[in-house]
Amino acid sequence: MRSRIIILIAALWLCAFTQSPSPADLYGPLFQAVQSQRLFGDGKSFVDAVPKRTPDAIMVDFRAHPPADAVALRRFVLDNFTLPADVAPPATSPAGSAAPGPLLDHIAALWPHLTRPPESPPPGSSALALPAPYVVPGGRFREIYYWDSYFTMLGLVRDGRMELVQSMVVDFEYLLETYGRIPNGTRSYYLSRSQPPFFALMVDLLPKGDEATQRRHLTALKREHDFWMHGRGCLTAKAHQPDACQRVVRLADGSLLNRYWDDRDSPRDESYAEDVETAREAPDRPAAAVYRHLRAAAESGWDFSSRWLDDPAKLSSIRTTDIIPVDLNSLLWQLERSIALRCALLEDRACADLFERQAAARQGAIIRHLWQPQQGRFADYDIVQGRPTSVLSAATLFPLFVGLATPSQADAVAALTERELLAPGGLRTTHIRSGQQWDAPNGWPPLQWVAVEGLARYGHRPLARDIAQRWIGTVDSTYRATGKLLEKYNVEERLPGGGGEYPLQDGFGWTNGVTRALIARYPELNPDSQKEK
(Lines give C-alpha, C1' and ligand atoms only; values in the text may rest on other atoms or scores of the structure.)
Protein backbone atom coordinates (compact mmCIF):
# COMPACT_ATOMS: atom_id res chain seq x y z
CA MET A 1 0.00 0.00 0.00
CA ARG A 2 2.80 2.40 0.96
CA SER A 3 4.56 1.83 -2.39
CA ARG A 4 1.34 2.63 -4.27
CA ILE A 5 0.97 5.90 -2.35
CA ILE A 6 4.56 6.85 -3.15
CA ILE A 7 4.02 6.09 -6.85
CA LEU A 8 0.84 8.21 -6.88
CA ILE A 9 2.59 11.13 -5.18
CA ALA A 10 5.49 10.89 -7.63
CA ALA A 11 3.08 10.91 -10.58
CA LEU A 12 1.37 14.03 -9.28
CA TRP A 13 4.77 15.60 -8.57
CA LEU A 14 5.86 15.15 -12.19
CA CYS A 15 2.56 16.38 -13.64
CA ALA A 16 3.59 20.04 -13.60
CA PHE A 17 6.69 19.30 -15.67
CA THR A 18 4.87 17.28 -18.32
CA GLN A 19 2.43 20.17 -18.73
CA SER A 20 5.29 22.64 -19.25
CA PRO A 21 8.05 20.88 -21.22
CA SER A 22 11.38 22.66 -21.48
CA PRO A 23 13.04 23.62 -24.79
CA ALA A 24 15.24 20.52 -24.49
CA ASP A 25 12.05 18.40 -24.30
CA LEU A 26 10.32 20.22 -27.16
CA TYR A 27 13.16 20.55 -29.64
CA GLY A 28 15.46 17.59 -28.85
CA PRO A 29 18.07 17.32 -31.63
CA LEU A 30 17.54 20.92 -32.76
CA PHE A 31 18.11 22.15 -29.21
CA GLN A 32 21.28 20.04 -28.85
CA ALA A 33 22.67 21.24 -32.17
CA VAL A 34 22.08 24.92 -31.39
CA GLN A 35 23.41 24.76 -27.84
CA SER A 36 26.39 22.48 -28.44
CA GLN A 37 27.60 24.74 -31.27
CA ARG A 38 27.06 27.84 -29.05
CA LEU A 39 25.23 29.32 -32.00
CA PHE A 40 24.21 32.48 -30.15
CA GLY A 41 27.00 32.88 -27.59
CA ASP A 42 24.72 32.98 -24.57
CA GLY A 43 22.91 29.66 -24.19
CA LYS A 44 19.95 31.48 -22.69
CA SER A 45 19.16 33.21 -25.97
CA PHE A 46 17.76 30.17 -27.78
CA VAL A 47 15.80 28.78 -24.82
CA ASP A 48 14.12 32.17 -24.37
CA ALA A 49 13.23 32.43 -28.06
CA VAL A 50 9.58 32.39 -29.13
CA PRO A 51 8.62 29.97 -31.94
CA LYS A 52 6.87 31.45 -34.96
CA ARG A 53 4.81 28.28 -35.40
CA THR A 54 4.12 25.13 -33.43
CA PRO A 55 7.09 23.17 -32.09
CA ASP A 56 5.81 20.03 -33.82
CA ALA A 57 5.77 21.77 -37.22
CA ILE A 58 9.27 23.15 -36.68
CA MET A 59 10.62 19.72 -35.78
CA VAL A 60 8.99 18.05 -38.78
CA ASP A 61 10.87 20.45 -41.06
CA PHE A 62 14.10 20.10 -39.10
CA ARG A 63 14.08 16.32 -39.40
CA ALA A 64 13.06 16.37 -43.04
CA HIS A 65 15.75 18.90 -44.03
CA PRO A 66 18.55 18.94 -41.43
CA PRO A 67 20.71 22.08 -41.80
CA ALA A 68 24.06 21.17 -43.38
CA ASP A 69 26.27 23.50 -41.34
CA ALA A 70 26.27 26.20 -38.66
CA VAL A 71 25.30 28.91 -41.15
CA ALA A 72 22.27 26.93 -42.32
CA LEU A 73 21.37 26.05 -38.74
CA ARG A 74 21.43 29.69 -37.72
CA ARG A 75 19.27 30.61 -40.70
CA PHE A 76 16.79 27.84 -39.76
CA VAL A 77 16.53 29.15 -36.20
CA LEU A 78 16.07 32.76 -37.27
CA ASP A 79 13.40 31.70 -39.78
CA ASN A 80 11.48 29.80 -37.13
CA PHE A 81 12.04 31.72 -33.88
CA THR A 82 12.02 35.27 -32.61
CA LEU A 83 15.08 35.68 -30.44
CA PRO A 84 14.97 37.93 -27.36
CA ALA A 85 16.24 41.47 -27.66
CA ASP A 86 17.98 42.62 -24.49
CA VAL A 87 17.11 46.22 -23.76
CA ALA A 88 19.79 48.25 -21.99
CA PRO A 89 18.77 50.21 -18.88
CA PRO A 90 18.02 53.88 -19.53
CA ALA A 91 21.00 56.19 -19.79
CA THR A 92 21.93 57.85 -16.53
CA SER A 93 22.43 61.20 -18.18
CA PRO A 94 22.28 62.56 -21.72
CA ALA A 95 25.31 62.05 -23.93
CA GLY A 96 27.95 64.64 -23.22
CA SER A 97 26.60 65.59 -19.80
CA ALA A 98 29.02 66.00 -16.92
CA ALA A 99 28.10 63.17 -14.55
CA PRO A 100 25.43 60.68 -13.54
CA GLY A 101 22.51 62.04 -11.56
CA PRO A 102 21.74 61.26 -7.90
CA LEU A 103 21.95 57.56 -7.09
CA LEU A 104 18.51 57.29 -5.47
CA ASP A 105 16.90 59.12 -8.39
CA HIS A 106 18.47 56.63 -10.76
CA ILE A 107 17.18 53.68 -8.73
CA ALA A 108 13.66 55.14 -8.68
CA ALA A 109 13.83 55.64 -12.45
CA LEU A 110 14.83 52.00 -12.99
CA TRP A 111 11.70 50.47 -11.44
CA PRO A 112 9.39 51.26 -14.40
CA HIS A 113 12.05 50.04 -16.80
CA LEU A 114 12.34 46.69 -14.99
CA THR A 115 8.58 46.23 -14.50
CA ARG A 116 6.69 43.80 -16.73
CA PRO A 117 2.93 43.37 -17.24
CA PRO A 118 1.11 40.11 -16.50
CA GLU A 119 2.59 37.30 -18.59
CA SER A 120 0.50 35.34 -21.09
CA PRO A 121 3.11 33.49 -23.17
CA PRO A 122 2.43 32.26 -26.70
CA PRO A 123 2.37 28.49 -27.39
CA GLY A 124 5.84 26.97 -27.45
CA SER A 125 7.46 29.73 -25.39
CA SER A 126 9.49 28.74 -22.34
CA ALA A 127 7.95 31.63 -20.38
CA LEU A 128 5.45 30.74 -17.65
CA ALA A 129 2.18 32.60 -17.29
CA LEU A 130 1.83 35.12 -14.44
CA PRO A 131 -1.36 36.94 -13.42
CA ALA A 132 0.11 40.21 -12.10
CA PRO A 133 2.87 42.74 -12.88
CA TYR A 134 6.37 41.95 -11.67
CA VAL A 135 9.96 43.23 -11.66
CA VAL A 136 12.84 41.47 -13.44
CA PRO A 137 16.51 41.71 -12.46
CA GLY A 138 17.61 43.09 -15.85
CA GLY A 139 19.87 42.17 -18.77
CA ARG A 140 19.69 38.50 -19.75
CA PHE A 141 17.43 37.87 -16.77
CA ARG A 142 14.15 38.65 -18.53
CA GLU A 143 11.81 36.86 -16.13
CA ILE A 144 11.00 37.03 -12.43
CA TYR A 145 13.52 35.20 -10.22
CA TYR A 146 12.69 33.79 -6.83
CA TRP A 147 15.20 34.93 -4.24
CA ASP A 148 16.22 38.01 -6.24
CA SER A 149 12.69 39.29 -5.81
CA TYR A 150 12.81 39.58 -2.01
CA PHE A 151 15.81 41.91 -2.18
CA THR A 152 14.23 43.85 -5.04
CA MET A 153 11.09 44.25 -2.90
CA LEU A 154 13.12 45.88 -0.12
CA GLY A 155 13.79 48.80 -2.44
CA LEU A 156 10.28 48.88 -3.85
CA VAL A 157 8.89 49.25 -0.33
CA ARG A 158 11.22 52.17 0.42
CA ASP A 159 10.30 53.86 -2.86
CA GLY A 160 6.59 53.60 -2.15
CA ARG A 161 5.91 50.89 -4.75
CA MET A 162 3.94 48.60 -2.43
CA GLU A 163 1.49 47.73 -5.21
CA LEU A 164 4.31 45.99 -7.07
CA VAL A 165 5.35 44.07 -3.97
CA GLN A 166 1.76 42.89 -3.54
CA SER A 167 1.40 41.88 -7.18
CA MET A 168 4.67 39.92 -7.07
CA VAL A 169 3.43 38.02 -4.00
CA VAL A 170 0.27 37.22 -5.98
CA ASP A 171 2.49 35.84 -8.76
CA PHE A 172 4.41 33.65 -6.33
CA GLU A 173 1.19 32.36 -4.78
CA TYR A 174 -0.02 31.52 -8.29
CA LEU A 175 3.20 29.58 -8.98
CA LEU A 176 2.83 27.65 -5.73
CA GLU A 177 -0.77 26.78 -6.55
CA THR A 178 0.00 25.83 -10.15
CA TYR A 179 3.32 23.99 -9.78
CA GLY A 180 3.58 23.22 -6.08
CA ARG A 181 6.77 25.27 -5.87
CA ILE A 182 8.27 28.63 -6.67
CA PRO A 183 10.69 27.82 -9.50
CA ASN A 184 14.16 29.30 -9.84
CA GLY A 185 12.64 31.65 -12.43
CA THR A 186 9.52 31.76 -14.56
CA ARG A 187 10.72 29.60 -17.42
CA SER A 188 9.77 25.98 -18.09
CA TYR A 189 13.44 25.00 -17.90
CA TYR A 190 13.57 26.26 -14.30
CA LEU A 191 10.61 24.19 -13.07
CA SER A 192 12.72 21.31 -11.78
CA ARG A 193 14.27 23.44 -9.04
CA SER A 194 13.51 26.33 -6.72
CA GLN A 195 15.80 28.84 -4.97
CA PRO A 196 16.48 29.87 -1.35
CA PRO A 197 13.02 30.06 0.30
CA PHE A 198 12.41 33.75 0.97
CA PHE A 199 8.66 33.69 0.31
CA ALA A 200 7.70 33.94 3.99
CA LEU A 201 9.83 37.06 4.32
CA MET A 202 8.15 38.54 1.25
CA VAL A 203 4.74 38.03 2.84
CA ASP A 204 6.01 39.73 6.00
CA LEU A 205 6.57 42.91 3.95
CA LEU A 206 2.82 43.18 3.29
CA PRO A 207 0.09 44.70 5.46
CA LYS A 208 -1.62 42.11 7.67
CA GLY A 209 -4.84 42.02 5.61
CA ASP A 210 -8.20 40.48 6.47
CA GLU A 211 -8.74 36.88 7.55
CA ALA A 212 -9.25 35.65 3.97
CA THR A 213 -5.94 37.21 2.95
CA GLN A 214 -4.18 35.67 5.95
CA ARG A 215 -5.57 32.23 5.10
CA ARG A 216 -4.46 32.58 1.49
CA HIS A 217 -0.94 33.46 2.59
CA LEU A 218 -0.89 30.56 5.05
CA THR A 219 -1.98 28.08 2.37
CA ALA A 220 0.85 29.27 0.13
CA LEU A 221 3.41 29.04 2.94
CA LYS A 222 2.36 25.47 3.69
CA ARG A 223 2.73 24.57 0.02
CA GLU A 224 6.24 25.99 0.08
CA HIS A 225 7.07 23.88 3.12
CA ASP A 226 5.55 20.77 1.53
CA PHE A 227 7.80 21.24 -1.48
CA TRP A 228 10.99 21.34 0.56
CA MET A 229 9.93 18.43 2.79
CA HIS A 230 8.52 16.23 0.01
CA GLY A 231 11.49 13.84 0.17
CA ARG A 232 10.65 12.92 3.75
CA GLY A 233 8.19 10.35 2.40
CA CYS A 234 10.84 8.37 0.52
CA LEU A 235 13.50 8.10 3.25
CA THR A 236 14.30 4.51 4.21
CA ALA A 237 12.92 3.03 7.41
CA LYS A 238 16.40 2.12 8.73
CA ALA A 239 17.02 3.79 12.06
CA HIS A 240 20.37 5.27 13.17
CA GLN A 241 21.63 5.51 9.60
CA PRO A 242 21.97 8.65 7.50
CA ASP A 243 19.76 8.82 4.43
CA ALA A 244 18.71 11.39 1.83
CA CYS A 245 15.87 11.67 -0.65
CA GLN A 246 15.25 14.66 -2.87
CA ARG A 247 15.69 17.77 -0.67
CA VAL A 248 15.47 16.03 2.72
CA VAL A 249 18.36 14.51 4.69
CA ARG A 250 18.01 12.36 7.79
CA LEU A 251 21.17 12.18 9.89
CA ALA A 252 22.14 9.20 12.03
CA ASP A 253 20.58 10.75 15.16
CA GLY A 254 17.25 11.07 13.36
CA SER A 255 17.53 14.81 12.70
CA LEU A 256 15.84 16.05 9.52
CA LEU A 257 17.60 18.82 7.63
CA ASN A 258 17.52 19.90 4.00
CA ARG A 259 19.80 20.18 1.01
CA TYR A 260 19.59 21.73 -2.43
CA TRP A 261 18.49 19.42 -5.25
CA ASP A 262 17.09 19.44 -8.77
CA ASP A 263 14.52 16.99 -10.11
CA ARG A 264 16.47 16.55 -13.34
CA ASP A 265 19.95 15.13 -13.95
CA SER A 266 20.59 16.44 -17.46
CA PRO A 267 22.54 19.53 -18.61
CA ARG A 268 20.74 22.76 -17.81
CA ASP A 269 18.84 24.03 -20.86
CA GLU A 270 20.26 27.54 -20.48
CA SER A 271 23.86 26.33 -19.93
CA TYR A 272 23.88 23.13 -21.98
CA ALA A 273 27.31 23.49 -23.59
CA GLU A 274 28.95 24.61 -20.35
CA ASP A 275 27.52 21.68 -18.39
CA VAL A 276 28.52 19.11 -21.00
CA GLU A 277 32.05 20.49 -20.98
CA THR A 278 32.20 20.40 -17.17
CA ALA A 279 31.07 16.75 -17.10
CA ARG A 280 33.73 15.82 -19.67
CA GLU A 281 36.38 17.22 -17.32
CA ALA A 282 35.42 14.50 -14.81
CA PRO A 283 35.61 11.26 -16.85
CA ASP A 284 35.65 9.17 -13.67
CA ARG A 285 32.23 10.47 -12.58
CA PRO A 286 28.83 9.68 -14.13
CA ALA A 287 27.80 12.68 -16.21
CA ALA A 288 24.28 12.59 -14.76
CA ALA A 289 25.70 12.99 -11.24
CA VAL A 290 27.71 16.05 -12.30
CA TYR A 291 24.63 17.56 -13.93
CA ARG A 292 22.55 17.02 -10.79
CA HIS A 293 25.17 18.74 -8.63
CA LEU A 294 25.40 21.67 -11.07
CA ARG A 295 21.64 22.03 -11.10
CA ALA A 296 21.44 21.82 -7.30
CA ALA A 297 24.00 24.62 -7.05
CA ALA A 298 21.75 26.67 -9.33
CA GLU A 299 18.92 26.05 -6.86
CA SER A 300 21.16 27.40 -4.09
CA GLY A 301 21.58 30.69 -5.96
CA TRP A 302 25.33 30.33 -5.37
CA ASP A 303 26.20 29.10 -8.85
CA PHE A 304 29.02 28.56 -8.46
CA SER A 305 31.07 28.62 -5.27
CA SER A 306 33.85 26.75 -3.48
CA ARG A 307 31.12 25.83 -0.96
CA TRP A 308 30.14 23.05 -3.34
CA LEU A 309 33.56 21.99 -4.69
CA ASP A 310 36.00 19.31 -3.53
CA ASP A 311 38.72 21.16 -5.42
CA PRO A 312 38.13 24.95 -5.65
CA ALA A 313 40.10 24.99 -8.91
CA LYS A 314 37.81 22.45 -10.61
CA LEU A 315 34.11 22.99 -11.17
CA SER A 316 33.91 19.34 -12.23
CA SER A 317 34.56 18.38 -8.57
CA ILE A 318 31.15 19.81 -7.61
CA ARG A 319 28.98 17.81 -5.18
CA THR A 320 26.25 20.14 -3.99
CA THR A 321 23.76 17.45 -3.01
CA ASP A 322 26.28 15.95 -0.54
CA ILE A 323 26.13 19.14 1.53
CA ILE A 324 23.61 20.40 4.10
CA PRO A 325 23.69 24.21 3.71
CA VAL A 326 23.33 26.50 6.71
CA ASP A 327 21.52 29.22 4.74
CA LEU A 328 18.80 26.89 3.43
CA ASN A 329 18.09 25.40 6.84
CA SER A 330 18.03 28.80 8.52
CA LEU A 331 15.43 29.99 6.02
CA LEU A 332 13.35 26.83 6.48
CA TRP A 333 13.44 27.35 10.27
CA GLN A 334 12.15 30.85 9.66
CA LEU A 335 9.43 29.44 7.36
CA GLU A 336 8.32 26.95 10.02
CA ARG A 337 8.21 29.69 12.65
CA SER A 338 6.20 31.90 10.29
CA ILE A 339 3.66 29.14 9.63
CA ALA A 340 3.33 28.42 13.35
CA LEU A 341 2.73 32.10 14.12
CA ARG A 342 0.12 32.47 11.39
CA CYS A 343 -1.66 29.30 12.49
CA ALA A 344 -1.79 30.64 16.05
CA LEU A 345 -3.22 33.97 14.86
CA LEU A 346 -5.93 32.04 13.02
CA GLU A 347 -6.57 30.00 16.20
CA ASP A 348 -5.44 26.70 14.67
CA ARG A 349 -3.58 25.39 17.71
CA ALA A 350 -2.85 21.94 16.26
CA CYS A 351 -1.15 23.50 13.23
CA ALA A 352 0.79 25.96 15.40
CA ASP A 353 2.01 23.18 17.70
CA LEU A 354 3.07 21.01 14.74
CA PHE A 355 5.20 23.68 13.12
CA GLU A 356 6.61 24.92 16.43
CA ARG A 357 7.84 21.37 17.06
CA GLN A 358 9.35 21.15 13.58
CA ALA A 359 11.10 24.51 14.01
CA ALA A 360 12.46 23.50 17.43
CA ALA A 361 13.75 20.20 16.04
CA ARG A 362 15.43 21.97 13.12
CA GLN A 363 17.03 24.55 15.40
CA GLY A 364 18.40 21.79 17.61
CA ALA A 365 19.83 19.96 14.59
CA ILE A 366 21.45 23.12 13.24
CA ILE A 367 23.13 23.79 16.59
CA ARG A 368 24.28 20.16 16.98
CA HIS A 369 25.59 19.63 13.48
CA LEU A 370 26.32 23.02 11.88
CA TRP A 371 27.56 25.17 14.76
CA GLN A 372 31.34 25.00 15.23
CA PRO A 373 32.14 26.59 18.61
CA GLN A 374 35.92 26.33 18.33
CA GLN A 375 35.84 28.20 15.01
CA GLY A 376 33.02 30.56 15.94
CA ARG A 377 31.00 29.88 12.81
CA PHE A 378 27.97 28.11 11.41
CA ALA A 379 29.22 25.69 8.76
CA ASP A 380 27.77 23.66 5.94
CA TYR A 381 27.78 19.92 6.69
CA ASP A 382 29.26 17.21 4.48
CA ILE A 383 26.88 14.23 4.55
CA VAL A 384 29.37 11.82 2.97
CA GLN A 385 32.31 12.72 5.21
CA GLY A 386 30.11 13.14 8.25
CA ARG A 387 31.67 16.45 9.26
CA PRO A 388 31.42 20.21 8.62
CA THR A 389 33.01 21.58 5.46
CA SER A 390 36.09 23.78 5.76
CA VAL A 391 34.82 26.70 3.66
CA LEU A 392 34.02 29.88 5.55
CA SER A 393 31.37 31.83 3.67
CA ALA A 394 28.92 34.65 4.25
CA ALA A 395 26.25 31.97 4.67
CA THR A 396 27.44 31.75 8.28
CA LEU A 397 25.41 34.92 8.94
CA PHE A 398 22.02 33.43 8.01
CA PRO A 399 21.27 32.11 11.53
CA LEU A 400 21.73 35.68 12.77
CA PHE A 401 19.57 37.05 9.96
CA VAL A 402 16.59 34.86 10.92
CA GLY A 403 17.18 35.07 14.69
CA LEU A 404 18.09 31.41 15.22
CA ALA A 405 21.51 31.95 16.85
CA THR A 406 22.15 32.47 20.55
CA PRO A 407 23.73 35.78 21.62
CA SER A 408 27.09 34.11 22.28
CA GLN A 409 27.05 32.44 18.87
CA ALA A 410 26.20 35.77 17.25
CA ASP A 411 29.10 37.42 19.07
CA ALA A 412 31.50 34.77 17.74
CA VAL A 413 30.17 35.05 14.19
CA ALA A 414 30.44 38.84 14.33
CA ALA A 415 34.08 38.66 15.40
CA LEU A 416 34.89 36.14 12.66
CA THR A 417 33.05 38.22 10.07
CA GLU A 418 35.00 41.34 10.94
CA ARG A 419 38.27 39.45 10.93
CA GLU A 420 37.84 37.28 7.82
CA LEU A 421 34.99 38.44 5.59
CA LEU A 422 35.09 42.24 5.82
CA ALA A 423 36.70 43.77 2.73
CA PRO A 424 37.32 47.42 1.77
CA GLY A 425 34.17 47.49 -0.34
CA GLY A 426 31.78 45.36 1.71
CA LEU A 427 31.33 41.72 2.70
CA ARG A 428 33.30 39.01 0.90
CA THR A 429 31.34 35.96 -0.21
CA THR A 430 34.21 33.63 0.78
CA HIS A 431 37.94 34.15 1.19
CA ILE A 432 38.76 31.63 -1.57
CA ARG A 433 39.79 32.88 -5.02
CA SER A 434 38.48 30.07 -7.20
CA GLY A 435 37.46 32.08 -10.25
CA GLN A 436 33.82 31.24 -9.49
CA GLN A 437 31.52 34.22 -9.11
CA TRP A 438 30.31 33.30 -5.61
CA ASP A 439 33.81 33.46 -4.17
CA ALA A 440 36.36 36.15 -3.42
CA PRO A 441 36.85 38.87 -4.48
CA ASN A 442 33.13 39.25 -5.19
CA GLY A 443 30.48 40.62 -2.88
CA TRP A 444 26.76 40.24 -3.61
CA PRO A 445 23.84 42.49 -2.61
CA PRO A 446 21.73 39.84 -0.81
CA LEU A 447 24.63 38.85 1.41
CA GLN A 448 25.26 42.45 2.42
CA TRP A 449 21.65 42.78 3.56
CA VAL A 450 21.68 39.45 5.40
CA ALA A 451 24.85 40.50 7.23
CA VAL A 452 23.65 44.00 8.13
CA GLU A 453 20.25 42.79 9.34
CA GLY A 454 21.67 39.82 11.22
CA LEU A 455 24.42 41.74 12.97
CA ALA A 456 22.13 44.62 13.91
CA ARG A 457 19.55 42.16 15.29
CA TYR A 458 22.13 40.93 17.82
CA GLY A 459 23.44 44.35 18.79
CA HIS A 460 26.52 44.51 16.55
CA ARG A 461 25.37 47.81 15.11
CA PRO A 462 28.77 49.44 14.43
CA LEU A 463 29.88 46.46 12.32
CA ALA A 464 26.52 46.37 10.54
CA ARG A 465 26.81 50.06 9.70
CA ASP A 466 30.41 49.63 8.59
CA ILE A 467 29.43 46.92 6.10
CA ALA A 468 26.61 49.12 4.80
CA GLN A 469 28.90 52.11 4.43
CA ARG A 470 31.54 50.14 2.55
CA TRP A 471 28.94 48.57 0.25
CA ILE A 472 27.15 51.85 -0.54
CA GLY A 473 30.53 53.39 -1.30
CA THR A 474 31.37 50.58 -3.73
CA VAL A 475 28.02 50.81 -5.53
CA ASP A 476 28.22 54.59 -5.74
CA SER A 477 31.82 54.80 -6.97
CA THR A 478 31.11 52.22 -9.69
CA TYR A 479 27.92 54.05 -10.60
CA ARG A 480 29.83 57.33 -10.91
CA ALA A 481 32.38 55.64 -13.17
CA THR A 482 29.99 53.60 -15.36
CA GLY A 483 26.47 55.02 -14.90
CA LYS A 484 25.30 51.48 -14.02
CA LEU A 485 24.15 49.39 -11.08
CA LEU A 486 25.60 45.90 -11.42
CA GLU A 487 24.60 42.46 -10.16
CA LYS A 488 27.86 41.93 -8.21
CA TYR A 489 31.03 43.81 -7.27
CA ASN A 490 34.68 43.17 -6.56
CA VAL A 491 34.71 44.29 -2.93
CA GLU A 492 38.47 43.95 -2.64
CA GLU A 493 39.14 46.72 -5.15
CA ARG A 494 35.70 48.38 -5.38
CA LEU A 495 35.30 47.46 -9.03
CA PRO A 496 32.71 45.64 -11.15
CA GLY A 497 32.58 41.94 -10.23
CA GLY A 498 33.82 39.10 -12.39
CA GLY A 499 33.65 35.36 -12.92
CA GLY A 500 30.64 33.26 -13.84
CA GLU A 501 29.25 31.78 -17.03
CA TYR A 502 28.00 35.02 -18.59
CA PRO A 503 29.06 38.68 -18.90
CA LEU A 504 28.44 41.01 -15.98
CA GLN A 505 24.80 42.15 -16.00
CA ASP A 506 23.46 45.57 -15.15
CA GLY A 507 20.01 46.76 -14.23
CA PHE A 508 19.95 45.38 -11.53
CA GLY A 509 17.02 44.38 -9.35
CA TRP A 510 18.57 43.24 -6.11
CA THR A 511 21.39 45.79 -6.21
CA ASN A 512 18.81 48.55 -6.57
CA GLY A 513 16.70 47.10 -3.76
CA VAL A 514 19.45 46.46 -1.24
CA THR A 515 21.22 49.76 -1.87
CA ARG A 516 17.94 51.68 -1.53
CA ALA A 517 17.05 49.82 1.66
CA LEU A 518 20.48 50.35 3.22
CA ILE A 519 20.32 54.09 2.55
CA ALA A 520 16.84 54.15 4.10
CA ARG A 521 18.28 52.41 7.18
CA TYR A 522 21.28 54.77 7.31
CA PRO A 523 20.18 58.07 5.69
CA GLU A 524 23.46 59.71 6.64
CA LEU A 525 25.23 57.32 4.24
CA ASN A 526 23.36 58.67 1.19
CA PRO A 527 26.31 59.55 -1.07
CA ASP A 528 24.47 62.45 -2.68
CA SER A 529 23.71 64.03 0.70
CA GLN A 530 27.36 63.70 1.60
CA LYS A 531 28.41 65.38 -1.64
CA GLU A 532 26.07 68.30 -0.90
CA LYS A 533 27.86 68.84 2.40
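A residue counts as buried under 20% relative accessible area, as exposed over 50%, and as partly exposed in between (1.4 Å probe, protein chains only). The model is predicted, so local features need pLDDT of at least 70 and side-chain atom pairs count only at pLDDT 80 or more, while totals for chains, interfaces and linings use all residues. Residues are numbered from 1 along each chain as its sequence is written, and side-chain values use heavy atoms, with hydrogens and water left out.

**Exercise 1.** Work out whether Ser149 is buried or exposed, and what it touches.

*Solution.* Start with the location: Ser149 lies in helix 7 (residues 146-158). Helices here are DSSP runs (H or I, at least four residues), numbered from the N terminus. Next, check the area: Ser149 has a relative accessible area of 1%, so it is buried. Last, look for contacts (heavy atoms within 4.5 Å). Leaving out residues up to four places away in sequence, Ser149 touches Ile144, Met168, Phe172 and Met202.

**Exercise 2.** Check the length of helix 13 (residues 326-345) against what its residue count predicts.

*Solution.* The expected span is 1.5 Å times one less than the number of residues. As for cover, 16 of the 20 residues in helix 13 are buried. Just past helix 13, Glu347 takes a positive phi of about 60°.

How values were computed. Helices (H or I, at least four residues) and strands (E, at least two) are DSSP runs, numbered from the N terminus.
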